[in-house]
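I'm starting a notebook page on a structure that is new to me.

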Amino acid sequence: MVKFKSIVALLGFTRLALSIPADLDTTLVGCLSTYNVPTISPSDADYAPTVSPYNLRTPFFPVDVAVPTTAAHVSSALKCAQKFQAKVAARSGGHSYAAFGLGGVNGSLMIDMKKFRELSVDPNTYVATVGAGLRLGDIASGIYNISARALPHGVCPGVGISGHALHGGFGFTSRMWGTTLDNVIEMEVVLASGDIVTVSKDTNPDLFWALRGAGSSFGIVTTFKFKTYPAPNSGVNWAWRWTLDNNAADTVEKKVKIFQAMQDYAVNAPSNIAFRMFTLPAEGHYEVSGVYWGSLADFNTTIAPLIASFPQDGTSDVREYGFIDLLVVLGGAGQLPQPENYNQHNTFFAKSIVSPTKLTSEALTSFFTFHSENADKPPLSWWVLADLYGGQYSQISAQNPADSSYYVRDSFFTFQLYSDLGGATGTYPPSGFDLMNELSRSLTDAQPETKFQAYPNYVDPTLSPEEAHELYYGTNYPRLKELKAVYDPTLLLWNPQAIGTS
Ligand SMILES: Cc1cc2nc3c(=O)[nH]c(=O)nc-3n(C[C@H](O)[C@H](O)[C@H](O)COP(=O)(O)OP(=O)(O)OC[C@H]3O[C@@H](n4cnc5c(N)ncnc54)[C@H](O)[C@@H]3O)c2cc1C
């Protein structure tokens, strides 16, 4: 993690390059002020830390930042933006891979949702009410402390609930309980018109469909209501690891065999087990790891067939924890609650591949051969994660695909191809884009019979709008575009891949 030191210098450059007319700049701010919307402007000391993105590779500079504390403030901010033709983006946790919460471009009006921090659990229905500015760690610990219950979501405690829940939301309980998106019951949403509406299965159902999958294009959510589940008493954090020499003749074959064993087991794996392949080729590191929601004794029985099919020269690490302790371990941040003014960063570029089927031997061989041949690429550090989403007992694929605009529901494995500077500060090298794209093609081109998609929560800004819409939304895109024309005809809610940009 690094600190963003050069923002002031960059800001000076960008303001010149933007050529935002001074009167638009001033008048928008004036409008926000008229409606008493709290703001942070470029001349304010808070501006630089506020607009510093999680991914330092994608710095953008909003014309102004609204920091609303009420839905009425959000409504006024949208009306001002409409009046002065500024593009708008909401930011919740700021973890967009391409800083789409800053607009993904210079000169947007950013709506910083960090003041929306409500959290409660209804004692009768166990429905959790969650403010749009909270982060996953705040929510996991808050819901558990109030009710000993839980919501499915990713493990990184700093990720914001809004981007996460509106575009998917996968974590170690998702095969058991669905994605975060699948557990949204109701939202309070401010539309591009400034109207404040309730959205649920029965109220504004077309918006309920669109927001759950393509939320950033359809409104600004202020509050979510989520279904929750009794937290399991315990979970087993498990891993089998191998160190494999990239130059050894049998390394690729061994990786392929382990992956095949994993995906064969995955087809019938119970829903209370989560697992993934993780590899860091530069260190020869290869692992199959995950979480089992249950006791150690039950885990040992459940996992036995998979372990029996592994090469026996790996090392294992298997530990049982109480539910909340395991979330802390998985989160890797030492604690779950996060500060309102969050200040973690990385400099990275990532891609995703959603595979609806098993990977063939040809595809895996091509993929892992690429790993061995390109393991060392300083200053880049790169790794691959392949998460099991599917299998016949998965609650992700069990949902009715027509219920939401989230399109990649029939994922068997979702791959994340990730490259960064290994924790160092500096500039991401242009060669990294080629490396990640070639890595991606080494898998997909070797399995041409499969239609691969991409995960909308791992936005890849190198995709054109057409490519992004096809990969994230597939056949749902035409309906999304029609609804965008109804609810936001001027594309006020905008990022480079927003619905309506193709
Ligand atoms: C370190 C890290 C770990 C991650 N781990 C996981 C994981 O385990 N599982 C997983 O599924 N994903 C994971 N992700 C991806 C993450 O789910 C997405 O990046 C997610 O969109 C981030 O949400 P955010 O609110 O933090 O981001 P933001 O950048 O604030 O927002 C992301 C998008 O949502 C929009 N948005 C934000 N708030 C609102 C709102 N209130 N109303 C409408 N639109 C809004 C923004 O405009 C933007 O387009 C991870 C990302 C990072 C960086």
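**Entry 1: a loop spot.** I looked up Ala148 and found it in the loop between α5 (136-147) and β7 (149-150). Helices here are DSSP runs of H or I with at least four residues, strands are runs of E with at least two, and both are numbered from the N terminus. Ala148 has a positive phi of about 55°, although it is not a glycine. Is Ala148 buried, exposed or partly exposed? It is partly exposed, at a relative accessible area of 40%. My cut-offs are under 20% relative accessible area for buried, over 50% for exposed, and partly exposed in between, using a 1.4 Å probe and protein chains only.

**Entry 2: ground rules.** I noted that this is a predicted model, where local features need pLDDT of at least 70, side-chain atom pairs count only at pLDDT 80 or more, and totals for chains, interfaces and linings use all residues. Residues are numbered from 1 along each chain as its sequence is written, and side-chain values use heavy atoms, with hydrogens and water left out.

**Entry 3: another positive phi.** I also checked Leu491, which is not a glycine but has a positive phi of about 55°. Leu491 lies in the segment after α15.

**Entry 4: helix α15.** That sent me back to α15 itself, residues 477-487, where Tyr477, Leu480, Leu483, Lys484 and Tyr487 are buried. Viewed down the axis of α15, those buried residues fall within an arc of 125°, so they line one face of the helix. The arc is that of the directions from the helix axis to the C-beta atoms. Glu482 and Val486 are exposed on the other side of α15. What do the buried residues of α15 pack against? I found α8 (205-214) and α14 (465-473). Contact means heavy atoms within 4.5 Å.

Entry 5: Thr203 sits in the loop between β9 (196-200) and α8. Thr203 is partly exposed, with a relative accessible area of 37%. I looked at Glu186 too: 17 residues along the chain separate it from Thr203, and their C-alpha atoms are 8.9 Å apart.

**Entry 6: Ala71.** Ala71 is in helix α4 (residues 71-84) and is buried, with a relative accessible area of 13%. Which residues does Ala71 touch, leaving aside its neighbours within four places in sequence? I listed Phe116, Glu188, Val190, Ile196 and Thr222. Gly219 is 148 residues from Ala71 in sequence, yet 12 Å away in space, C-alpha to C-alpha.

**Entry 7: a cis bond.** The peptide bond from Pro378 to Pro379 is cis, with omega near 5°. I placed Pro379 in the loop between α12 (361-373) and β17 (381-388).

**Entry 8: the whole chain.** I stepped back and noted 15 helices and 18 strands in the protein chain. Its radius of gyration is 22 Å, close to the 23 Å that the globule rule gives for 502 residues, so the chain is as compact as a globular protein of that length. The radius is taken over C-alpha atoms, and the rule is 2.2 Å times the number of residues to the power 0.38. The C-alpha atoms fill a box of roughly 70 × 55 × 40 Å along the principal axes. Of the 502 residues, 60% count as buried. Among contacts with a separation of 6 or more, 76% are between residues 24 or more positions apart.
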